[in-house]
Amino acid sequence: MAEDRRVRKTKQAIQDVFCEMIKESTLNEITIKELCARADINKSTFYLHYRDIYDLADSIQNLLIENVCAIIDEYDYNETVEKAPEMWKRIAETHFKDSKSLGSLMKQSGMISVVNNLEKAVIDTIMKKYVEAGVEQGTEAYFIRHLSVTFVINGYIGVLREFDVAEIENAMIRISEKLSTGFNVGI
């Protein structure tokens, strides 16, 4: 069942305010009272959607992971490397281009779990594609693919985490170019 438009709007307002607040404070310092005041909602409205601040943070993290993995799922297993530049450009444009985006959470010191969980989910999503294509777990072929995927995904996510929003698109293009040429001179 699809969420009511008002519910979506309220949740979006809460998430936007949370993303602003996490830049100013740690997760432990954010209060529901202040978040509600900034979002212009009452506490009972907050509690209709979330148990506490940690539930909100988990919900935002899960939404980011779900959205990123949905983009990856659109690609065939053999395209996850070949079309990585296109895939990661789409991910960057969707979730990392502005300071209110879900991806902005990755840059906050108290939200390292977002980075770790996103990396794991992306790697698992890609490896699942290889298994579905017939690469057997526990084999040398699986190990090599897993090693390569882990290396590449950690690189892309590191770029997303480290670079400024304005630099993301160019950084993703450059890293993709370097991957396709084997990181030759001029990195």
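User: What are helices in this numbering?
Analyst: Helices are DSSP runs of H or I with at least four residues, numbered from the N terminus. The model itself is predicted.

User: OK. Where do Lys128 and Glu132 lie?
Analyst: Both are in helix H7, 4 residues apart, which is about one turn of the helix.

User: How many salt bridges in the whole structure?
Analyst: The search finds 9. One of them joins the side chains of Asp73 and Lys129, at 4.0 Å from N to O. That pair links distant parts of the chain, with Asp73 in helix H4 and Lys129 in helix H7, 56 residues apart.

User: Why does Lys129 count as buried?
Analyst: Its relative accessible area is 11%, and buried means under 20%. Asp73 is at 48% relative accessibility, so it counts as partly exposed.

User: Switching topic. Which residues touch the most other members of the largest nonpolar core?
Analyst: Trp88, Val122, Ile153 and Met172, out of 32 residues in that core. The largest share, 9 residues, comes from H7.

User: And what is Trp88 in contact with, leaving aside neighbours within four places in sequence?
Analyst: Val122, Ile153, Tyr156, Ile157, Leu160 and Met172.

User: What about a second core?
Analyst: There is a separate one of 18 residues, with Phe18, Ile41, Tyr50 and Ala57 among them.

Terms used
Residues numbered from 1 in each chain as written. Predicted model: local features only at pLDDT ≥ 70, side-chain atom pairs only at ≥ 80, totals over all residues. Heavy atoms only, no water. Core = buried A, V, L, I, M, F, W, Y, C linked by side-chain atoms within 4.5 Å. Buried < 20%, exposed > 50% of the residue type's maximum accessible area, 1.4 Å probe, protein only. Helix = DSSP H or I, 4+ residues; strand = E, 2+ residues; numbered from the N terminus. Contact = heavy atoms within 4.5 Å.
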